[in-house]
Amino acid sequence: MSFARSLLLSFVLLLPGIASAGAGAKLYNEFMDSDAMYPDEEWQEYIDSLGQKLLRHSADKDREYYFFMLDSSEINAFATADAYIFVNRGLVAFMGSEAQLAAVIGHEIAHVVARHPAKRRTTNLLGTGTGIAAMLLTGRVETYEAADIATRTLLAGYGRDMELEADRIGAEIIARAGYNPLAVIDAVHVLKDQELFSLEVTNQPRNYHGLFSTHPQNDKRLHDAVAYALDMLPETTEEHASKFWDLMDGLSYGSDAPSGVNEDNVYYDKGQRLAIEFPPKWDVTHNRQQVIARAPGGRDEGLISIVTMTPETLDDPSNFVKGTLKVMDAESESTIQLEGCCEIYMVERSIEGSNKKISVLAIRDRGPDRYIIRGEAGPRGDASDLLEKVKGVIRGIRNLNVSDLQISNTQRIRVVVAKPGDTYEKLAQQSSLRRHAVETLRLLNGHHPNGEPRAGDYVKIVQ
């Protein structure tokens, strides 16, 4: 049994009815089997305690509900018809108060109270062997497209009318529990800002569910629903902040993925036991298809990308380039022996009518794998320097060593108290974030796009 499962076991075994056969129970079992629960008992107890507190102020207060926190960087929360509510740590990280987190959980309770999951026929969701857990935890497009209609419904939300009904019910629940229902609007704005940032800046659109999926930034019907709930606040309320911020300090941030880029610009893939060394100071990113490195001056200076494939047979590289890659504009082609490394096939491509100084394509075969390396020097680049860097990257393809295998992507949120004169530019210098550090800190703290911390505020940074 893994550490994550053993840590959670003592907590979840205390919950009655956990083996029921509904969609949520099946998902719970799949999440447990895949070690998907966030391995922190304090967080699990806190999420459950907050959920149970809100539940006491709902129309379903006599029904058994189950609340869990998932170890996923995806910004998501969802509920099932059998009253299982799952909140991803990726969403929790962007909450600026316990009231905002209560707004999210209250909204999910409201979906169950209003019987929205049952109305959308998610009760037929299968939990074993379908990859549902992987889809909900990673948000990967291909798993979403392959899922059945019930699974897509669970991820995608309920449509505008049902969401507004959940807004109204959820706002009433948190108000009766002593939280300002305006936190619903705050949560919507924070997550909408994150959605727009993901789409416009990082070019990684997200498929958000529930609370923030159907709302315009200024939604009159949402504001009306929340304003109505203000009258339900008790005369006296309690302070909620301390536990939330204590737990936020140390929360895992981002994904401890099996692949990544370390501080020395080495891309590693633990599953393939592969490492690729890229030039210092280049910006290295990766997705499911390729690894891309951009020069400090951007694509106008230089770019190198690598795609890996494992064909059934390694045919002649020249035939592969012309027949499979359909590259017909080669100005020159040659086979080169890189000193101390390997033999590669390289093509210099035609750049007529382009502002590129050079465009090259190289093929390196390594065991059963074929590496396709593309390089280009833009108008501000140097052709000979680009060629040497492409060759350096090819030499830098190697097996993982012991130190590579010890690398972890795990970053954590640290909570600091802002001092007079602090800015996100200054705080970003303390952060381990590699890209868009200033913008990300603003998002994490609800100050997107131009806000700055105020002295005395709790501020989240990432280290």
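Let's start with helix α18, residues 437-444. Seven of its eight residues are buried, so the helix is mostly covered. Buried means under 20% relative accessible area, exposed means over 50%, and partly exposed lies in between, with a 1.4 Å probe and protein chains only. The buried ones are A437, V438, T440, L441, R442, L443 and L444. Helices here are DSSP runs of H or I with at least four residues, strands are E runs of at least two, and both are numbered from the N terminus.

A word on the source: this is a predicted model, where local features need pLDDT of at least 70, side-chain atom pairs count only at pLDDT 80 or more, and totals for chains, interfaces and linings use all residues. Residues are numbered from 1 along each chain as its sequence is written, and side-chain values use heavy atoms, with hydrogens and water left out.

Now step just past α18. G446 takes a positive phi of about 70°. Then look at H448 and P449. A cis peptide bond joins them, with omega about 5°. P449 sits in the loop between α18 and β17.

G446 turns up again at a pocket. The second largest pocket has a volume of about 380 Å³. Of its 19 lining residues, the closest to the centre are G96, Q100, N445, G446 and H447. A pocket is found on a 1 Å grid over the protein atoms alone: it is an open set of points where a 1.4 Å probe fits, with protein on both sides within 12 Å along at least five of seven lines, and lining residues have an atom within 4 Å of a point. Points are joined across faces, edges and corners, and the volume is the space filled by probe spheres set on them. Both α11 (182-200) and β17 (458-462) supply at least two lining residues each. What is the make-up of the lining: how many nonpolar, polar and charged? Eight nonpolar, seven polar and four charged. Here Ala, Val, Leu, Ile, Met, Phe, Trp, Tyr, Cys and Pro count as nonpolar, Asp, Glu, Lys and Arg as charged, and the others, Gly among them, as polar.

Next, the cores. A nonpolar core is a set of buried Ala, Val, Leu, Ile, Met, Phe, Trp, Tyr and Cys residues joined through side-chain atoms within 4.5 Å. The largest has 72 residues, and L54, L101 and I109 touch the most other members. Helix α5 (residues 98-113) gives the largest share, 10 residues. Apart from this core lies another, of 27 residues, including A293 and V390.

Back to L54. Beyond its neighbours within four places in sequence, L54 has contacts (heavy atoms within 4.5 Å) that include A102, I105, I109 and Y179.

A83 is not a glycine, yet its phi is positive, about 70°. A83 lies in the loop between β2 (77-79) and β3 (84-88). Is A83 buried or exposed? Buried, because its relative accessible area is 0%. N265 is not a glycine either, and its phi is about 65°. N265 is in the loop between β5 (259-261) and β6 (266-269). At 4% relative accessibility, N265 counts as buried.

Last, the whole chain. There are 18 helices and 17 strands. Buried residues make up 49% of the 463 residues.
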